[in-house]
Amino acid sequence: MVFINKNTKVIVQGITGHQGAFHANEMVKFGTNVVAGISPGKAGQNVNGIPVFDSVEETLHLEPNATMISVPAPYVKDAFYEALDAGIKLIYVLTEHVPVHDSLEMISVAKTKGVIVIGPNGPGITVPFDSKIGIMPNHIFRKGNVAVISRSGTLTYEIVKAITDSGMGESTVIGLGGDAIVGLSFTDVLKELKNERRTKAAVLVGEIGGTAEEEAAEYIKSEFHKPVVAYIAGRSAPPGKRMGHAGAIITRGKGTAESKIKALNEAGVEVAAYPQDIPSLLKKKLQ
Amino acid sequence: MNLYEFQGKELFKKFGIPVPDGYVIQDPKEIRDDIFPVALKSQVLVGGRGKAGGIKFADNKNDAIAKATELFSQTIKGSKVKYILVERKLNIDKELYISITIDRGKKRPLVMASAEGGVEIETVEESKIYMHWIDPLIGYSPYLSKMVSKKLNLNSEQSKQLSNLLKNMYTLFQTYDCELVEINPLVITKEGNIIAADSKVIVDSDSLFRHKDVPVNLDDLTDLERIAKMQDYSFVELDGDIGVIANGAGLTMATLDSLLLHGLKPRNFLDLGGTDSVDIVKNAFPLVLKAQPKIIFVNIFGGVTKCDTVAQGIVLAKKEYNINLPIVVRLNGVHEEEGRQILKDNGIDAFATMPEGVAKVAEIYKGVH
């Protein structure tokens, strides 16, 4: 497992919102230790038994060490700095449409403090069945030894379920986020997985835009010796068009699926033609 | 949000970046008497305007009116010319390149400068481009301009001008949440002045809530994409003939890719997003129908979006919009069996896996084609 475990104490910033309340409850059902929620002006209330506070500072007696931020995009930066100032060590941002300059600044500051940032605009992180911070559906997981690192949401669930249905299971599943600027790269996570015992193989779910997959391929070639398979979405995407995610865009000839597939193949990573081919590629590698 | 050159230059003026004297017209009658000779520059959001004949020069008013009339009648790479920027023609000595963009991998603003301006930067040899990554927590500092000036071989007077220009560019980049501020060419005139002959500014669309003064340009979208945007659908028009409705950007892309691997060309990208609303599903159909596909493929992995909700939306749409086209649906995830039953009861093919769904689309396509 990486980044989170059974002892991770989670707070939810924006817990009284529709999304915050629903997913906080799902997290509790999964087994996550959700110790508090934040919603300014709503201290004293509770959401499905989770106590609500006005600020992160007022939850510190509960010793939280991770937060899920689910507030509207214009308020994310403030919520982020509130968590950072309170000493929270892992910050996951669910919110979509966070201005990219806000992300640049937040992630730069977090780095100076050694704080891990997951997202923005991703489904979070799940370690079956120790802890889950985020919005991945509870029913798709089985505890196992395949790590999944992805830039997508729904496509991740599709692939995780295919792995589970095939009889295998997952060690850690992490959604990096669909924005152009996100906290963690594929390479950052692979570095954590390198010596992590539970993980025997990794799946990269990439997409068009940026060069994170190419950089991961370089790292895999030289440093990462566990089997890796991949899927890359956006082979059919035209250049210059944003395919849903802010980060899924081919700009000035950079970020094409071909370039990513080529780099991964050169690093010995097999790239599945269809998402549902991932389990059979994994089984082949793990034999 | 892509800005037109003249809009970018208005921001340049606001931030003290020198631009040529000029004005914008929407009609040849608006040509003024005072600035000649002029460059008449068609305002379009697509690149490669010069090569496409979108820039003309004129020495006097009659000439300018004739040439403006000609430009307004043109389309440049499919875009109609609505505005022409009329600018004093520069006495060009040298053409340079300078830009600030965001490097996704390094998570830093990237300054690029080259002595070889006036051509697309992608065509310039990398060794001839100076690159510097700005730490966002430090921001601009004058030493950066000194390095850029040296790489561009500027004299001391020009270095002074460049120092102001780069400082102001970075302030603009930060203040207006820009994804790109590019000046190409950055001209050194024969009189020795540094001046932004062109502008390319892209403002982050997600930041527009704090930039109410930034114009909303939708001219780089197709008509259908504009309609979709107003209805808050994530939609991209493509040139095939299979209509696609899916949930999640990654899964929607994977759906298009899977179709293509079967030799089927998608007509569109439509991501329903993470909602559980019958109406959002239902209202996606008229949009896809407007694109006149031959088949509609709906591919859903249910989580927050539940499969029975999607099924209800499809059934309602089929009735309400009288859809006679074949609809193939793949439903997997939360409430999938309920969803597939609803569809079966209404005569719609529903499958549990994506390969089965795509195979069915391929089979039907053979029949209708």
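The exercises below, each with a worked solution, concern a predicted model with chains A and B.

Residues are numbered from 1 along each chain as its sequence is written, and chains are lettered from A and ligands numbered from 1 in the order in which they are written. In this predicted model, local features need pLDDT of at least 70 and side-chain atom pairs count only at pLDDT 80 or more, while totals for chains, interfaces and linings use all residues.

**Exercise 1. Describe chain B as a whole.**

Step 1. Chain B has ten helices and 18 strands; helices (H or I, at least four residues) and strands (E, at least two) are DSSP runs, numbered from the N terminus.

Step 2. The C-alpha trace of chain B spans about 80 × 50 × 35 Å along its principal axes.

Step 3. Of the 369 residues in chain B, 43% are buried. A residue is buried if 20 or more other C-beta atoms lie within 10 Å of its own, exposed if 12 or fewer, and partly exposed in between, with C-beta atoms placed from the backbone.

Step 4. The chain divides into domain 1 (21–88), domain 2 (92–210) and domain 3 (223–368), with bounds from an automatic or database domain assignment. Between the C-alpha centres of domain 1 and domain 2 of chain B there are 26 Å.

**Exercise 2. Determine the strand order of the open four-stranded sheet in chain B, and state which strands stand at its edges.**

Step 1. The order is 1-6-2-3, with antiparallel pairing; two strands pair if DSSP finds at least two bridges between them.

Step 2. Strand 1 (22–25) and strand 3 (55–58) of chain B each have a single partner strand, so they stand at the edges, and one side of each is left without a neighbour in the sheet.

Step 3. From one strand to the next, the twist averages 25°. Angles run from 0 to 180 degrees between N-to-C directions, and axes are lines fitted to C-alpha atoms, for helices over the stretch in contact.

Step 4. Four antiparallel bridges link strand 1 to strand 6 (residues 83–88) of chain B. Within this pairing, Ile25(B) has Ile84(B) of strand 6 as its bridge partner.

Step 5. Helix 2 (residues 61–72) of chain B packs on the sheet and touches strand 1, strand 2 (38–43), strand 3 and strand 6 of chain B. The direction of helix 2 makes about 15° with that of strand 2 of chain B.

**Exercise 3. Locate the bridge partners of strand 5 of chain A and describe its side chains' directions.**

Step 1. Strand 1 (residues 9–13) of chain A pairs with strand 5 of chain A in the parallel sense over four bridges. Met68(A) is the bridge partner of Val12(A).

Step 2. Strand 5 and strand 6 of chain A also run parallel, joined by four bridges. Here Ile69(A) has Val93(A) as its bridge partner.

Step 3. From strand 5 (residues 66–69), Ala66(A) and Met68(A) point one way, Thr67(A) and Ile69(A) the other way, and all are buried.

**Exercise 4. Find the relative direction of helix 6 and helix 7 of chain A.**

Step 1. Helix 6 (residues 212–222) and helix 7 (residues 257–266) of chain A pack at an angle of about 5°, with their axes 8 Å apart.

Step 2. The two helices are therefore roughly parallel to each other. Angles under 35 degrees count as roughly parallel, over 145 as roughly antiparallel, 65 to 115 as roughly perpendicular and the rest as oblique.

Step 3. Glu213(A), Glu214(A) and Ala217(A) of helix 6 meet residues of helix 7 including Ser259(A), Lys260(A) and Ala263(A). Two residues are in contact if their C-beta atoms, placed from the backbone, lie within 7 Å.

**Exercise 5. Identify the backbone features at Pro120(A), His97(A) and Asp177(B).**

Step 1. Most residues other than glycine have a negative phi, and most peptide bonds are trans.

Step 2. The peptide bond from Gly119(A) to Pro120(A) is cis, with omega near 5°. Pro120(A) is in the loop between strand 7 (116–118) and strand 8 (124–127) of chain A.

Step 3. His97(A) has a positive phi near 70° and lies in the loop between strand 6 (90–93) and helix 3 (100–112) of chain A. With 19 other C-beta atoms within 10 Å, His97(A) is partly exposed.

Step 4. Asp177(B) has a positive phi near 50° and sits in the loop between helix 4 (156–175) and strand 10 (178–189) of chain B. Asp177(B) is buried, with 21 other C-beta atoms within 10 Å.
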